[in-house]
Amino acid sequence: MNASVNVLDRPAGAAQTSGIIDCDVHPFPRPGAIEQYLPERWRRHVAEYGKFTYGIYAGIGAYPRFQPYLSRRDSFPPNGGAPGSDVAFIREQLLDRYNVAYGVLEPLLGGNASRNVDEAAALCAAMNDWQAYEFTDPEPRLRASILVPQDDPDAAVKEIDKRAGDWRFCQVQLGSKTTEPIGRRRYWPIYAAAQANGLSIGLHVGGTFSAAPSAGGWPQFYIEEHHGLVHSMQNQCASMIFEGVFEAFPNLKIVLIEGGFAWAPTLGWRLDAHWAKMRDEVPQVKRPPSEYMRTNLWWATQPVEEPEHPEDLRQVFDWIGWDRMVYSSDYPHWDFDDPHQAFHFQMTETEKRQVFRENALSVYTFR
Amino acid sequence: MPALPEGAIDCDIHPGVPEIKQLLRYMEPFWQESFVARGLDGFDMMSYPPNAPITCRPDWRRKGQRPGSSLTDLQKDALDTFGIGLAICNPLTGGQIAVSETMGAAICSAVNDWIVEHWLNQDARLRASIVVPAQAPHLAVEEIERRAADKRFVQILMPAACEMMLGRSYYWPIYEAAVKHDLPVGLHAGSMYRYAPTSTGWPSHYVQDYVANSNIFEDQLLSLVSNGIFVKYPNLRVVLIESGVSWLPGFLWRAIKTWRGVRAEVPWVKQSPAETIRENVRLTVQPIDAPPDPNTIERLMEMIDSDRMLLFASDYPHWQFEGDKVLPDGLSPALRQRIRVDNPLETYPRLKETVQ
Amino acid sequence: MNAPVGALDPHADQRLGIIDCDVHPYPKPGALNQYLPERWRNHVFHYGKFNCGIYADRGTYPRFSPNTSRRDAWPPGGGAPGSDVAFIREQLLAPYNIAYGVLEPLLGGNTSRNQDEAAALCTAMNDWQAHDFVDPEPRLRASILVPQDDPAAAVKEIDKRAGDWRFAQIQLGSKTSEPLGRRRYWPIFAAAQANGLSIGLHIGGTQSSTPSAGGWPQFYVEDHHVLVHSMQNQAASLILEGVFEAFPRLKVCLIEGGFAWAPSWAWRLDAHWAKMRDEVPQVKRPPSEYMRTNLWFATQPVEEPEQPEDLRRVFEWIGWDRMVYSSDYPHWDFDDPHLAFRFQMSEQEKRLLFHDNALKVYTFR
């Protein structure tokens, strides 16, 4: 669908026939919100044993963050609560201000990362209910992601099938860190269910930290670990391609969120070069790897790369393909990308339409 | 020299480490600002989720309070109830497992300051382990040197699973400092979780993680012995804290048998591992994983074949026993005396220097 | 399928014979390749068996004797220990009056990170066992090797071999990508139970994490003990994940991990389950009870307590009905059935240990 004028300039409150699409918005629960949606048995379990992630600490991630709640300091709602917990403030700071037609919710609450897969299933179901009732129902511009217990594919498929017909959900969410590379056969039922239901998968950085962030061991600082997440995206790309996921599921659509994108062209060349010599190891890969990157993968733009020469960013877009790029803000996090300011080079109107709206419309399921 | 207090010597109690907020005052400005500006807290170890049953016996839990955080409760529930004359505080803190060497060191040092002010200075019966950042042996040694003059610090404390096997040369500086100051090295159940908690990967349940702790102790003993740590540091004492105990005989038999078969690989290990372990290693008795049947306990003690190895401990406030049944039935009176008093005194030389 | 006519009558002398639950066959050079399709022959040639290891072509922890074997086990006609059926007869089956010897290949087939390669190698190794060992010598019985991290393929292989008299059990490695009780492995247990086949859990397998929660040991002396821990961890996992509730007739034999650890492990599991059983509601009975109904322990390498009579105590604590004799032929720590047990057993006890218990576990047809 074409917008006839600059999509960024539509006034706030315009219908969803125009307006930009933000592929990464982080909701946060008010205290006790998620527990309301948990059955008693799991409420008790979580109270006693916690979320039981693959972590060193009982209640927080291994790498302490740099800002409280990872968030912009101005995103704490005036009425109280954590950033991303107040729908009215999300409207004010994000949806209305930037004319957002749809914002895709990406909860990062560790529900899908529990080592106890039954707990993970219970938490995911509760978090899906919570998104739908407390965000999408009152604010239909916000659309939910189907969280699934990724290491229990049967339970994951059940949850996908349960939510697939619900207009409030627009994709399936997975974490970029999984207990095995995500192309491995054990995860294929999830892909089958996604494809069968016509739902894309948002692969967001984070997930299960079941091994050291680096093949070389454990970095010490957030500044190192942050880049490790980028590597997890690259690893997952390579895995899906080389394991033949996109041959088995040619209609599968994957959006890579918050892992950056400047690495994508070079990864494509690298995969192509070494596949050419060793393709007999992976006969399930029928085309050069980079071709799958052009048919089945999309990249969310935040945190936008900032080349030393801004025009190099245009070159990266060209190399990846303008049809592959989808805008994301990462609201309310500290490295939020303002759509007006994030891209330090001039885009044409057509290019803006692609990045801020049309590409996302071809991936997500907005009903 | 003044006489020691009457009663048993409890070699493992856990004052509840407070939130970072209360520890800030002991830290340098850089860390104070870091923790506040970054909004960081909640460093409870995965090894002891705060609400897990084992972390606090139900009748010792106080609503709204961190387990073990009240001195008066400790005095009433444990010291007085179990007839304890001296008790060694082993704080369990996220500083011991942090991925950052320097952040870990900052928290550990703050905890050591805190234990002096709020525990050692408040009750003359209390002693403590020096909590160290084993992530960085040079920083661990700095902390040991900082505390060594205070004789109420009687041990160096590390989690049982760190970043490398503890026999590695990386850790020599810690053993050198330990020997220099006549401080045993205490390894406490728990892990830095740099690797899967079991040799078969990541279990689904905390209870599985917990029981796998005994494997870690066995691995570390083999590492220390095989690397010749006790050859290099013959006066080093290592204490295994909260290990479960009953694994020991079966482990020793196998250690002896395998060493006999493959000892040529480790020629510096000149005596049977069992001999070395009996000489240099001690174990706290809480828990002893065994049925409450005196005959079984008796047989177990016979198999361990050393009356010097076991150290009395309540493990307060962890949930290991009911009522005041700290020790199982089936121990001879002579063995009970050794466990309750004599072995702790031999293991922790500093205990004999009572502080007024 | 019945044993072919013309083979040695497998029932001769069975009443007095010993059942050896752990015999390690080894391929003659090129033997396995015969059973591999060309596509996989090429793949293995280029990329190797692709395990989770530091070396391309060997295990991370160097062994202590060549082929981990007794120095007198090299066949006079050439080849590696365990590769010559005639010499196995001469050194093991005949002198010890072995009624059945259960083959436990340790060839890394089931541990490839490439699941399709693992499936191909397992099939080839199953064919090789059956044709090269069991057919000529029916006292030797094969194990069904399966690609354990690909349960669908594993189930296929189990169903394919289950009716074949030459196979006595399913083999799994004690080290797996995840603890074996985790849900992903349950299709294997379902297939085992449905086919009435026991599982031999033999030390070895995929080391996808470190051998210890504390990191990487340096010496074989240490690595050897980790295998004991892998057995303990798997026992805990199978019990606490509720495998034996879901599959009450499943039989698992723990092989080459020793057994002196079993009583204290049972006490430890019971003690901590008692406090935290609400975390694992799928466990309906004390953990030690499952150890008495669903687990067996192969005796090699036999424990050697400082007081030999303590070994009897350990047998009693575990249960005499749980113990099955194994030799580990031709490895260096082979247990001679006449010499290995340093305490006096009654005739009744010997019968249990050397014969009757194993008959309850394995499928000998």
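How many residues does the contact take from chain A and from chain B? I started my notebook with that one, and found 28 residues from chain A and 25 residues from chain B. I count two residues as in contact if their C-beta atoms, placed from the backbone, lie within 7 Å.

**Ground rules**

I am reading a predicted model, in which local features need pLDDT of at least 70, side-chain atom pairs count only at pLDDT 80 or more, and totals for chains, interfaces and linings use all residues. Residues are numbered from 1 along each chain as its sequence is written, while chains are lettered from A and ligands numbered from 1 in the order in which they are written.

**Chain A against chain B**

Back to that contact: the side of chain A that touches chain B takes the most from helix 2 (residues 40-49) of chain A, which gives 3 residues. Helices (H or I, at least four residues) and strands (E, at least two) are DSSP runs, numbered from the N terminus. I sorted the chain A side by class and got 18 nonpolar, 7 polar and 3 charged residues. For these classes, Ala, Val, Leu, Ile, Met, Phe, Trp, Tyr, Cys and Pro count as nonpolar, Asp, Glu, Lys and Arg as charged, and the others, Gly among them, as polar.

**Confidence**

I looked up pLDDT, the predictor's confidence in each residue, from 0 to 100. Chain A has a mean of 93, with 96% of its residues at 70 or more. Residues 1-5 of chain A are below 50, and this stretch has 5 contacts beyond near neighbours in sequence. Residues 10-15 of chain A are also below 50, with 8 such contacts in the model. Chain C averages 92, and 96% of the residues score at least 70. In chain C, pLDDT stays under 50 over residues 1-9, which have 9 contacts beyond four places in sequence. A note to myself: where pLDDT is low, the predicted coordinates should not be read in detail. For the model I wrote down ipTM 0.89 and pTM 0.91.

**Chain C against chain B**

Here I found 57 residues of chain C in contact with 56 residues of chain B. On the chain C side, helix 6, helix 8 (262-276) and helix 10 (309-318) each supply at least two residues. The largest share, 15 residues, comes from helix 6 of chain C. By class, the chain C side has 23 nonpolar, 20 polar and 14 charged residues.

**Helix 10 of chain B and its partners**

I then followed helix 10 (residues 248-262) of chain B to helix 6 (residues 220-240) of chain C, and their axes are 10 Å apart at an angle of about 140 degrees. Axes are lines fitted to C-alpha atoms, for helices over the stretch in contact, and angles run from 0 to 180 degrees between N-to-C directions. The angle makes helix 10 of chain B oblique to helix 6 of chain C. Angles under 35 degrees count as roughly parallel, over 145 as roughly antiparallel, 65 to 115 as roughly perpendicular and the rest as oblique. Arg254(B), Thr258(B), Trp259(B) and Val262(B) meet Tyr220(C), Val221(C), His224(C), His225(C) and Val228(C) there.

Is Cys124(A) buried or exposed? I noted it as buried, because 25 other C-beta atoms are within 10 Å; the cut-offs are 20 or more for buried, 12 or fewer for exposed, and partly exposed in between, with C-beta atoms placed from the backbone. Cys124(A) is found in helix 4 (residues 117-136) of chain A. Beyond four places in sequence, the contacts of Cys124(A) are Gly111(A), Asn112(A), Leu147(A), Val148(A), Pro149(A) and Glu159(A).

Helix 4 of chain A packs with helix 5 (residues 153-163) of chain A at about 15 degrees, axes 10 Å apart. That makes the two helices roughly parallel.

**Asp330(A)**

My last stop was Asp330(A), in the loop between strand 8 (325-326) and helix 12 (349-363) of chain A. Asp330(A) counts as buried, with 25 C-beta neighbours inside 10 Å.
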